[in-house]
Amino acid sequence: MKIVVLVKQVPDSGSERSLRADDGTVDRASASNVINEMDEYAIEEALKIAEAQGGEVTLLTMGPDAATESIRKALSMGPDGAVHVTDDALHGSCALGTSKVLAAALRTLEFDLVLCGAESTDGRTQTMPHMLAERLGVPALTGARKLTVEGSTLTVERQTDEGYEVVQATGPAIVSVWDTINEPRYPSFKGIMAAKKKPIATKSLADLGVEAGEVGLAGATSKVLSSAKRPARSGGQKVEDSGNGGADLVAYLSAEKFV
Amino acid sequence: MTVERILPTEEAAALLELTTELADAELAPRAAAFEERGEFPREVLRTLGRAGLLGLPYEEKYGGAAQPYEVYLQVLEILASRWLTVAEAVSVHTLACYPVAMYGSEELKARFLPDAVGGELLGAYCLSEPAGGSDAANLTTKAVLDGDEYVVNGTKAWITHAGEADFYNVFCRTGGPGPKGISCLFADASTPGLNPQKRERTMGLTGSPVAQVALDDARVPADRLVGGEGIGFTIAMSALDAGRLGIAACAVGLAQAALDYAVEYAKGREQFNTRIIDFQGLGFMLADMATQVSAARAMVLATARLRDNGRPFSVEAAKAKLFATDMAMKVTTDAVQVLGGYGYVHDHPVERYMREAKLLQIVEGTNQIQRLVISRSLAK
């Protein structure tokens, strides 16, 4: 089975993140950049399937040159190789533009299954699997908490607020996963060493036959008009106990519908 | 605190990065609760084995990473700075792999090393006896060849991983008195007559199981003899030289953890409207602690480099073990002092560090034995 996993490098959600003042895009230069957390679950799922049924796992990343570091890290978990789409003209691409590029890259690869995280911690649109499925004409099974592969039949438990739905499709298909699906492995020391020698194919927009004007800031269908930092946390409300502190606390909790 | 390190290779840097990631995610959050409960973190060791951190010095052919001691010891140091029980377990396990890895037949190596290095099999090292820890050359556990099996009788003491281990290196007497009559047997945990006893109730490293191992007519197949009869003492001593460096590295890591905690506390704690680190009495105390930690680290690494370069390192290892573990005792005691009353309660880890440090002055040769090794080398 040939599996492609979409991997995105994002600013670490645990550290200070900001948008650039000039064009409203994510400031990658001043952030510490990591593999999008949910993508690690997609990689783990791909490796488990490949280990159980045989197959090949390829990573696909769109991002600046510096994303190579995250690709190597992801490769150290065990995938066989990676494709890195990088081009200066990609800077500022919107979700639609990104999906155009990733779809073009996927068309150059053979795949039975595309796995990705259900969302990225920077964009958070959750739309990429749907957009790719539409462009490629394949089914999208999104938000999986469990995936079973039997031949070309893919069965997914799709996580919802109330519980889960069971959905099924015939591959090739795109499956996005939540962090409930597995526990990603740590890279091993040998894996880290091996990752240094694994192939990373670099592709430009020209290689994929995508016009530079259709993507990047120039081709973006949405634009950040303004942005503001989240306000600092306010001090909260203090209940002074002058004999009826208990009643005041309950009144507050009740008013806020906590009790 | 970030420690500036000069590493021999890019892969060593990657290894230390992986170690730090694992130590932060898998060790640090669990240490206090496991120690409080006295629970051995067997699964954590499996995780380290799968990541390739067990058996770092051994041949790649058997799943090792062929890393120099200089690098292995820095891995141990980082693990020890997050959880000493785990670092000690890695050190003991690495030591337990040593006899087979260095002196074992190809068959023993191929059969056991990959699983031991991969973390699936846990090892123990049985040298000390109730009557003699330091005087290992006069051990009394006896093994008599009966057909194609050794019949072993005796009692081994202070055995780390007793009851949890999958294999035991049993040092026993197959010949006459003295060091030349000692051999090493590689025994399975399931060996009939090999019986781990009740766990000792220890002062520190409460997560680490330690007990006597009784051998009552234990029958060990003759092909489990490591390296031939009579070379057991040679194996034990060369393993211990390396093991001493492991304990020294653990001491550096533990002391670093105590120092870091004390510094953070002293920066956050105010008395008389002043951070207590800004009082010279405490600031200088912390400065001395930091200096001692750096000195011990330098000594451990200098000795490791001697070993890696094939130079004699036995006496230097004794010095490093002596200095680093005495240093750890002093630094952890001072860390408790920096925290004052808070240092004495279980809510902060420094009292645990202090209890743990004491062990390091005793194991792998007491610090009195180290001084003996050093003074004898001077008297020659």
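This is a predicted model: local features need pLDDT of at least 70, side-chain atom pairs count only at pLDDT 80 or more; totals for chains, interfaces and linings use all residues.
Mentor: Residues are numbered from 1 along each chain as its sequence is written.

Trainee: What makes strand E9 (164-170) and strand E11 (200-203) of chain A edge strands?

Mentor: The open sheet of nine strands has the order E9-E8-E7-E10-E6-E1-E4-E5-E11 in chain A, with mixed pairing, and each of the edge strands E9 and E11 pairs on one side only. Two strands pair if DSSP finds at least two bridges between them, and strands (E, at least two residues) and helices (H or I, at least four) are DSSP runs, numbered from the N terminus.

Trainee: How do you know that strand E7 and strand E10 of chain A pair?

Mentor: E7 (residues 140-150) and E10 (residues 173-177) of chain A are joined over three bridges in the parallel sense, where at least two are required; Leu141(A), for example, stands opposite Val175(A) in E10(A).

Trainee: Why are H3(A) and H4(A) called oblique to each other?

Mentor: Helix H3 (residues 95-107) and helix H4 (residues 128-136) of chain A pack at an angle of about 55°, with their axes 9 Å apart. Angles under 35 degrees count as roughly parallel, over 145 as roughly antiparallel, 65 to 115 as roughly perpendicular and the rest as oblique, and H3(A) and H4(A) are therefore oblique.

Notes. Chains are lettered from A and ligands numbered from 1 in the order in which they are written. Side-chain values use heavy atoms; hydrogens and water are left out. Axes are lines fitted to C-alpha atoms, for helices over the stretch in contact, and angles run from 0 to 180 degrees between N-to-C directions.
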